[in-house]
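Please read them beside the structure itself.

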Amino acid sequence: MSSRGTTILSVEGLSKSYGGVQAVRNVSFSLASGEILALIGPNGAGKTTCFNLLNGQIRPDTGTVRLNGQDTTGLRPRILWRMGVGRTFQITATFTSMTVRENVQVALLSHHRDLTTFHRFAGRAHRARADELLALVGMEDAAERPCGELAYGDLKRLELAVALANNPKLLLMDEPTAGMAPRERVELMRLTAQIARERNIGVLFTEHDMDVVFEHADRVMVLNRGEVIAEGTPVEVRNDARVKATYLGEGLVYDARHRQEAMP
Ligand SMILES: Nc1ncnc2c1ncn2[C@@H]1O[C@H](COP(=O)(O)OP(=O)(O)O)[C@@H](O)[C@H]1O
Ligand SMILES: [Mg+2]
């Protein structure tokens, strides 16, 4: 708790082009521990590219990324994950033939770097800790079920438990609620925000449902054509003239089509 409010992520002048397309231009921002920052913007604004620059999937053309003051620009996802950068995926990544608990156990084994022992100790490794994490996301009753038969909303909660197994300092969530029903969407973000604040985890997330954004984000950053056009509290951003112009006539609820596309 003592570190609440210290800067964990600091981004300066981040840019990335694909051929003639400047997907991300000169993006700068910082994120404090325990803070929930929403990254919003129309389709093609550069949100996913931003995430991929932060999680190490791609390297920036220019700019720097600092994690807890340490320059991590261009480091690979695996290294960043070791440094406490967790993420959830737009398409849920779980082992479908394993049970819910086993998926969390694998994540815990990986966190403790003893994956080589997994096959020998599969059943009991980190079992209590796995069950704690499942209880945290409300999945304790589903521990023995194979992942392949879970409903989509449950899979997303499992995915959150898996991300938490790494004890992240920073959680990157690119459309964590894509494909979920509206009520489930609100619940997943409420749960995420509550856990993040309790555990002092900084969260950067994208979300198409503006109700979810304005209810759960401490701060909102708006991207348009790769550039940050506004940044502030939900109220400030909602009333920003440039933001209003970007979403003209859409009442800040946009891109419902994309939600359909994201259905698994
Ligand atoms: N791998 C890629 N190759 C070429 N263009 C890309 C690639 N990834 C993204 N882009 C382009 O960069 C822009 C930003 O895309 P993206 O970051 O996916 O936006 P968002 O997530 O906000 O919808 C778009 O114009 C997209 O077509
Ligand atoms: Mg995207």
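1. In this predicted model, Leu-133, Leu-134 and Leu-136 of helix α5 meet Leu-158, Ala-161 and Leu-164 of helix α6, where contact means heavy atoms within 4.5 Å. By class, the residues of this contact divide into 6 nonpolar, no polar and no charged; Ala, Val, Leu, Ile, Met, Phe, Trp, Tyr, Cys and Pro count as nonpolar, Asp, Glu, Lys and Arg as charged, and the others, Gly among them, as polar.

2. The axes of α5 (residues 127-136) and α6 come within 9 Å and cross at roughly 135 degrees, which makes α5 oblique to α6. Axes are lines fitted to C-alpha atoms, for helices over the stretch in contact, with angles running from 0 to 180 degrees between N-to-C directions; angles under 35 degrees count as roughly parallel, over 145 as roughly antiparallel, 65 to 115 as roughly perpendicular and the rest as oblique.

3. Helix α6 (residues 152-164) also meets helix α3 (residues 100-111), their axes coming within 8 Å and crossing at roughly 25 degrees, so that α3 and α6 are roughly parallel to each other. The contact is made by Val-100, Asn-103, Val-104 and Ala-107 of α3 together with Leu-158, Ala-161 and Val-162 of α6, and by class it has 6 nonpolar, 1 polar and no charged residues.

4. Leaving aside neighbours within four places in sequence, Leu-37 is in contact with residues including Phe-29, Leu-31, Val-203, Phe-205 and Met-221. The C-alpha atoms of Leu-37 and Gly-232, which lie 195 residues apart along the chain, are separated by 9.6 Å.

5. Thr-177, found in the loop between β7 (170-173) and α7 (182-199), is likewise buried, with a relative accessible area of 2%. Its contacts, neighbours within four places in sequence left aside, are with Arg-185, Leu-188, Met-189 and Glu-207.

6. On conventions, residues are numbered from 1 along each chain as its sequence is written, and chains are lettered from A and ligands numbered from 1 in the order in which they are written. Because the model is predicted, local features need pLDDT of at least 70 and side-chain atom pairs count only at pLDDT 80 or more, while totals for chains, interfaces and linings use all residues, and side-chain values use heavy atoms, with hydrogens and water left out. Helices (H or I, at least four residues) and strands (E, at least two) are DSSP runs, numbered from the N terminus.

How values were computed
Buried < 20%, exposed > 50% of the residue type's maximum accessible area, 1.4 Å probe, protein only.
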